[in-house]
Amino acid sequence: MSTIRNHVQLIGNVGQEPTITNLESGKKVARFSLATNVHYKDAKGDKKTDTDWHTVVAWGKTAEIIEKYVEKGKEVGVAGKLKTRTYTTDDGNQRYVTEVVADEILLLGNR
(Lines give C-alpha, C1' and ligand atoms only; values in the text may rest on other atoms or scores of the structure.)
Protein backbone atom coordinates (compact mmCIF):
# COMPACT_ATOMS: atom_id res chain seq x y z
CA MET A 1 0.00 0.00 0.00
CA SER A 2 2.91 2.38 0.45
CA THR A 3 3.23 2.76 -3.33
CA ILE A 4 -0.17 4.45 -3.59
CA ARG A 5 0.46 7.04 -0.89
CA ASN A 6 0.62 10.55 -2.34
CA HIS A 7 0.25 9.26 -5.88
CA VAL A 8 -1.63 11.14 -8.59
CA GLN A 9 -2.42 10.27 -12.19
CA LEU A 10 -3.97 12.80 -14.56
CA ILE A 11 -4.85 12.88 -18.23
CA GLY A 12 -5.51 16.26 -19.75
CA ASN A 13 -4.51 18.93 -22.23
CA VAL A 14 -1.51 21.24 -21.90
CA GLY A 15 -2.77 24.79 -21.36
CA GLN A 16 0.35 26.73 -22.33
CA GLU A 17 3.77 26.09 -23.82
CA PRO A 18 5.97 24.46 -21.17
CA THR A 19 8.66 26.67 -19.66
CA ILE A 20 12.05 25.02 -19.41
CA THR A 21 14.69 26.26 -16.97
CA ASN A 22 18.32 25.14 -17.13
CA LEU A 23 19.79 25.14 -13.64
CA GLU A 24 23.43 25.86 -12.83
CA SER A 25 23.88 22.20 -11.91
CA GLY A 26 23.04 21.25 -15.49
CA LYS A 27 19.63 19.84 -14.55
CA LYS A 28 16.47 20.94 -16.32
CA VAL A 29 13.08 21.73 -14.83
CA ALA A 30 9.87 21.95 -16.88
CA ARG A 31 6.62 23.63 -15.81
CA PHE A 32 3.26 23.68 -17.53
CA SER A 33 -0.44 23.88 -16.79
CA LEU A 34 -2.69 20.90 -17.40
CA ALA A 35 -6.46 21.07 -17.88
CA THR A 36 -8.55 18.07 -16.86
CA ASN A 37 -12.23 17.88 -17.78
CA VAL A 38 -15.21 16.11 -16.28
CA HIS A 39 -18.28 15.77 -18.52
CA TYR A 40 -21.75 15.17 -17.08
CA LYS A 41 -25.41 15.95 -17.55
CA ASP A 42 -27.18 18.27 -15.13
CA ALA A 43 -30.65 17.73 -13.66
CA LYS A 44 -32.24 19.10 -16.86
CA GLY A 45 -30.23 16.70 -19.05
CA ASP A 46 -27.95 19.42 -20.47
CA LYS A 47 -24.34 18.45 -21.10
CA LYS A 48 -21.89 20.23 -18.79
CA THR A 49 -18.11 20.29 -18.48
CA ASP A 50 -16.07 21.16 -15.40
CA THR A 51 -12.42 22.03 -16.01
CA ASP A 52 -9.74 21.92 -13.33
CA TRP A 53 -6.26 23.38 -13.82
CA HIS A 54 -3.12 21.79 -12.40
CA THR A 55 0.47 23.01 -12.35
CA VAL A 56 2.87 20.24 -13.37
CA VAL A 57 6.59 20.32 -12.58
CA ALA A 58 9.11 17.81 -13.92
CA TRP A 59 12.85 17.42 -13.42
CA GLY A 60 15.76 15.81 -15.27
CA LYS A 61 14.99 13.32 -18.04
CA THR A 62 11.25 13.88 -17.74
CA ALA A 63 11.82 17.63 -18.27
CA GLU A 64 13.92 16.85 -21.35
CA ILE A 65 11.09 14.76 -22.83
CA ILE A 66 8.64 17.59 -22.15
CA GLU A 67 10.98 20.08 -23.80
CA LYS A 68 11.18 17.96 -26.97
CA TYR A 69 7.64 16.69 -27.39
CA VAL A 70 5.07 18.61 -25.33
CA GLU A 71 3.32 21.69 -26.65
CA LYS A 72 0.20 23.72 -25.95
CA GLY A 73 -2.98 21.73 -26.61
CA LYS A 74 -1.30 18.30 -26.56
CA GLU A 75 -3.03 15.57 -24.59
CA VAL A 76 -0.71 14.01 -22.02
CA GLY A 77 -0.88 11.70 -19.05
CA VAL A 78 1.20 12.43 -15.97
CA ALA A 79 1.96 10.32 -12.92
CA GLY A 80 3.65 11.68 -9.85
CA LYS A 81 2.95 13.14 -6.43
CA LEU A 82 1.44 16.28 -4.95
CA LYS A 83 3.80 18.79 -3.37
CA THR A 84 2.74 21.93 -1.51
CA ARG A 85 5.21 24.74 -1.05
CA THR A 86 5.06 28.22 0.41
CA TYR A 87 6.55 31.52 -0.65
CA THR A 88 6.34 35.13 0.45
CA THR A 89 5.19 37.82 -1.97
CA ASP A 90 6.94 41.18 -2.35
CA ASP A 91 4.33 42.77 -0.08
CA GLY A 92 5.00 40.24 2.70
CA ASN A 93 2.01 37.93 2.24
CA GLN A 94 2.59 34.20 2.51
CA ARG A 95 1.18 32.09 -0.32
CA TYR A 96 0.74 28.35 -0.73
CA VAL A 97 0.84 26.48 -4.02
CA THR A 98 0.20 22.80 -4.68
CA GLU A 99 1.86 21.27 -7.73
CA VAL A 100 2.03 17.86 -9.37
CA VAL A 101 5.65 16.71 -9.42
CA ALA A 102 5.68 14.39 -12.44
CA ASP A 103 7.79 11.25 -12.37
CA GLU A 104 6.39 9.95 -15.66
CA ILE A 105 4.76 11.48 -18.70
CA LEU A 106 2.74 9.69 -21.35
CA LEU A 107 2.34 11.38 -24.74
CA LEU A 108 -1.19 10.91 -26.08
CA GLY A 109 -3.16 12.18 -29.07
CA ASN A 110 -2.08 12.75 -32.64
CA ARG A 111 -0.26 16.10 -32.48
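Me: Is Asn 6 buried, partly exposed or exposed, and what is its relative accessible area?

Reply: A residue is called partly exposed when its relative accessible area lies between the buried limit of 20% and the exposed limit of 50%. In this predicted model, Asn 6 has a relative accessible area of 43%, and therefore it is partly exposed. Asn 6 is found in the segment before strand 1, and its phi is near 45 degrees, a positive value in a residue other than glycine.

Me: Why does Glu 99 count as buried?

Reply: The label buried is kept for residues under 20% relative accessible area, and Glu 99 counts as buried because its relative accessibility is 6%. Glu 99 is placed in strand 6, which covers residues 94–107.

Me: Which side chain does that of Glu 99 join in a polar contact, and which residues does Glu 99 touch?

Reply: The side chain of Glu 99 is joined to that of Arg 31 by a polar contact of 2.7 Å. Leaving aside residues up to four places away in sequence, Glu 99 touches Arg 31, Thr 55, Val 57, Lys 81, Leu 82, Lys 83 and Arg 85.

Me: Which residues of the largest nonpolar core touch the most other members?

Reply: That core has 16 residues, and those touching the most other members are Phe 32, Leu 34, Val 56, Ile 66, Val 76, Val 78 and Ile 105. At least two residues of this core come from each of strand 1, strand 3, strand 4, helix 1, strand 5 and strand 6. As for Val 78, its contacts, not counting residues up to four places away in sequence, include Phe 32, Leu 34, Val 56 and Ile 105, and among them are also Gln 9 and Glu 104.

Conventions:
Residues are numbered from 1 along each chain as its sequence is written. This is a predicted model: local features need pLDDT of at least 70, side-chain atom pairs count only at pLDDT 80 or more; totals for chains, interfaces and linings use all residues. Side-chain values use heavy atoms; hydrogens and water are left out. Helices (H or I, at least four residues) and strands (E, at least two) are DSSP runs, numbered from the N terminus. Buried means under 20% relative accessible area, exposed over 50%, partly exposed in between (1.4 Å probe, protein chains only). A polar contact is a pair of N or O atoms within 3.5 Å; within protein, one must be able to donate a hydrogen and the other to accept it, and residues adjacent in sequence count only if both atoms are side-chain atoms. Contact means heavy atoms within 4.5 Å. A nonpolar core is a set of buried Ala, Val, Leu, Ile, Met, Phe, Trp, Tyr and Cys residues joined through side-chain atoms within 4.5 Å.
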